[in-house]
Amino acid sequence: MSLTGAFSCALRVATRGARFLAPFCLALASVGGCKINAVATPPPTSCVKDIDCSGGASCTNGTCIPRAASGTWAIELLPTSDSPAAQTQLAAVGFSSEKTNVLLADAKATITGDLPEGEALIGHSHVILTIQTPIPGHADLQFQTDWLTSTSGPMPFSLTLPASTLGLNATFLLSGLSPADDAQPPENFQVKLGTVNHLMIDHNNYYVNGTITNPSGAFVAHALSGGQVISNNFKIQSDNTFRVDIPKQVAQAPSAQPITIEVVPSGSQYSTPRFTTPPITFGAITEINIGTLNLPAIGFAALFRFKVVGPDQKPVFGAIVRAHTVLTSDETGSTELVRDGTTDVTGSVDLPLLPALKGGAQSYDVSVIPPAGSAFGISCTSGIAINSGQNPGAGGNTPIAAQLSLPPRATLSGTIFSAAGAAVPGVAIAATRTAVDPAGNCGSSTVAASASGVTNTDGSFQIVVDPGTYRLDFDPPAGAAVPRLTQTGVVVGSSSTSMGSVDLPSGEVVNGEVHASDGSLLPSVDVRFFRLVCSGADQCYGPMRVEPILSAETHSDANGAFQVVVPVQQ
């Protein structure tokens with residue numbers, strides 16, 4: 001261990017209120033008993049200007065920080081909407097302290113697209129253009145617009161995008177707006193992107209025919225794959241039949257997820273009762289008749305009241321209560337019912353639910369999501385029995401289905417230190433749940449609210465979250481002399497969890513300028529530095545890609561210049 005490393009260790013121990021341990025650092029250095037940063041960090045030196053710092057270091061927020069001699073980062077530039085520059089992604093940018101680091105923002109380009117005359121999607125569709133990202137693991141570039149008929153008649157749609165994307169492989173998705181979606185399924189077009197894009201629909205579609213029983217009201221049928229509608233929204237005919245069109249390239253896609261047929265209410269405030277078939281496959285057949293789908297004979301729903309309270313038994317206002325049940329299930333498919341509502345000032349909400357179709361009680365799973373910022377956690381209860389009920393009368397005598405008590409949220413705490421051992425105040429903390437608590441019964445369908453907080457003057461923080469596994473983002477204040485940090489896989493139990501000391505990485509300064517394509521300086525550009533963590537095509541570009549870690553973020557000033565503290569690259 002070097003003398004510098006020992007000094008850093010002693011400083012860290014002293015800072016944390018254990019000064020009597022500091023003298024042992026030198027003795028422990030030879031046996032590895034004292035924690036040393038991966039990169040030895042000299043004691044911070046106070047400063048006012050760069051000239052106060054030795055070795056060419058930068059004076060950052062009153063502290064001398066070494067400049068990055070070299071390094072390579074993935075960069076994203078996000079100009080303002082009125083800028084002449086476009087969103088720009090750069091897979092690998094080399095930085096050096098020996099030169100002016102110039103980031104060249106892409107120019108904007110406008111493209112148009114059209115379809116042959118007579119196509120139903122002309123002037124009645126939503127357009128999404130997807131282009132593969134150049135940054136491995138990052139979300140693909142997407143640009144959207146509504147293609148609407150103007151007063152002068154059908155016109156091509158247009159999109160503004162980075163000029164460097166011209167000539168790249170891209171995908172257009174055109175989804176019909178009502179009523180065009182009644183007969184026309186969404187269409188995908190693989191193109192080499194040009195300034196003018198003439199799109200052609202292959203009308204060699206695949207078809208699914210069927211009949212439903214017991215329709216009560218208006219229904220539509222459509223095909224789903226991966227949770228997305230891939231067909232037209234066919235209105236069930238008076239003879240209870242339907243015919244769903246699926247584009248050939250979707251039905252025969254080798255990597256496509258299973259295709260199911262879904263029948264849902266039309267013209268109702270509710271999206272259920274929803275009937276879903278088992279997965280279907282076409283093979284060499286282009287038209288399938290799946291026979292008769294047995295929708296249950298559903299009568300009128302009755303109102304049932306749920307009352308939500310906190311651990312202190314006081315009512316909780318603004319909580320979302322969602323009740324779910326499977327009404328029927330057989331070889332043709334299953335019918336599920338979902339109803340939700342928001343509690344009033346008394347903590348109550350009335351939901352229109354169906355008792356068992358053949359008498360007796362119907363079992364519901366009920367989840368409660370508290371309002372944002374609540375000190376209470378998510379609650380999930382299975383097997384709530386719903387019997388016959390009645391609508392509220394003059395006395396408001398809605399049947400009480402259940403009183404649901406919310407648990408307190410778990411506490412996550414810790415203290416943030418710089419690499420030199422100093423507590424860091426004002427760090428913004430964002431907690432995002434990435435996996436549910438296996439000990440809970442809510443499943444992955446119930447989304448926990450994100451949580452946030454800011455460190456105190458002594459670097460400590462305490463936030464409340466639902467149990468589960470989290471990604472934590474630690475963002476120091478703008479201009480701070482320390483870099484940001486992202487930690488993944490942080491497990492929080494049902495009670496208090498302490499992270500202890502959270503050590504920010506050693507930092508170094510990167511300077512540069514943002515230029516437009518014509519060489520002019522660009523102000524107010526959001527500059528993001530990413531560290532790549534994916535490996536292989538699946539992780540970097542597939543549907544289960546591993547996102548890069550945001551390591552630093554800053555904005556160019558009025559003169560297009562930027563300066564930011566980034567983690568030292570190993």
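A disulfide is a pair of cysteine sulfur atoms within 2.5 Å. I started my notes with that term, and then went looking for such pairs.

**Ground rules.** I am working on a predicted model, where local features need pLDDT of at least 70, side-chain atom pairs count only at pLDDT 80 or more, and totals for chains, interfaces and linings use all residues. I number residues from 1 along each chain as its sequence is written, and side-chain values use heavy atoms, with hydrogens and water left out.

**Entry 1: disulfides.** How many disulfides does the structure hold? I found 3.

I took Cys 53 and Cys 64 to begin with. Their sulfur atoms are 2.0 Å apart, and with -85 degrees about the S-S bond the link is left-handed. The two cysteines sit in distant parts of the chain, 11 residues apart: Cys 53 in the loop between H2 and S1, Cys 64 in strand S2 (residues 63–65). For the element names I use DSSP runs numbered from the N terminus, with helices being H or I of at least four residues and strands being E of at least two. Are Cys 53 and Cys 64 buried or exposed? Both are buried, taking buried as under 20% relative accessible area, exposed as over 50%, and partly exposed as in between (1.4 Å probe, protein chains only).

Next I looked up Cys 47 and Cys 59, whose sulfur atoms lie 2.2 Å apart. Why is this disulfide right-handed? Because the torsion about the S-S bond is about 100 degrees. This pair also links distant parts of the chain, 12 residues apart: Cys 47 belongs to the loop between helix H2 (24–29) and strand S1 (58–60), and Cys 59 to strand S1. Cys 47 is buried at a relative accessible area of 11%, and Cys 59 counts as buried at 15%.

Then came Cys 534 and Cys 540, with sulfur atoms 2.1 Å apart. Their link is right-handed, with 100 degrees about the S-S bond. Cys 534 is buried at 16% relative accessible area, and Cys 540 is buried at 7%.

**Entry 2: a sheet with S30 and S33.** I traced an open sheet of 4 strands, in the order S30-S29-S32-S33, with antiparallel pairing. Two strands pair if DSSP finds at least two bridges between them. Strand S30 (451–454) and strand S33 (485–492) stand at the edges with a single partner strand each, so one side of each has no neighbour in the sheet. From one strand to the next, the twist averages 25 degrees. For such angles, axes are lines fitted to C-alpha atoms (for helices over the stretch in contact), and the range is 0 to 180 degrees between N-to-C directions. Strand S29 (residues 428–436) is joined to S30 by 4 bridges, and the two run antiparallel. Which residue in S30 is the bridge partner of Ile 429? I looked it up: Gly 453.

**Entry 3: a sheet with S4 and S37.** Here 4 strands make an open sheet in the order S4-S3-S36-S37, again with antiparallel pairing. Strand S4 (88–96) and strand S37 (549–555) are the edge strands, and each pairs on one side only. The twist averages 35 degrees from one strand to the next. Between strand S3 (residues 70–78) and strand S36 (residues 526–531) I noted 5 bridges, in the antiparallel sense. Ala 74 stands opposite Phe 530 in S36.

Entry 4: On a 1 Å grid over the protein atoms alone, a cavity is a set of points where a 1.4 Å probe fits but cannot get out; a pocket is an open set with protein on both sides within 12 Å along at least five of seven lines; lining residues have an atom within 4 Å of a point.

I count 2 cavities of 30 Å³ or more. The largest cavity holds about 50 Å³ of space. Its lining includes Ile 369, Pro 370, Arg 409 and Asp 466.

How big is the largest pocket in volume? It comes to about 1,400 Å³, where a volume is the space filled by probe spheres set on the points, and grid points are joined across faces, edges and corners. Of its 31 lining residues, the closest to the centre are Thr 130, Thr 171, Leu 173, Asn 188 and Gln 228. S10 gives the most to this lining, with 5 residues.
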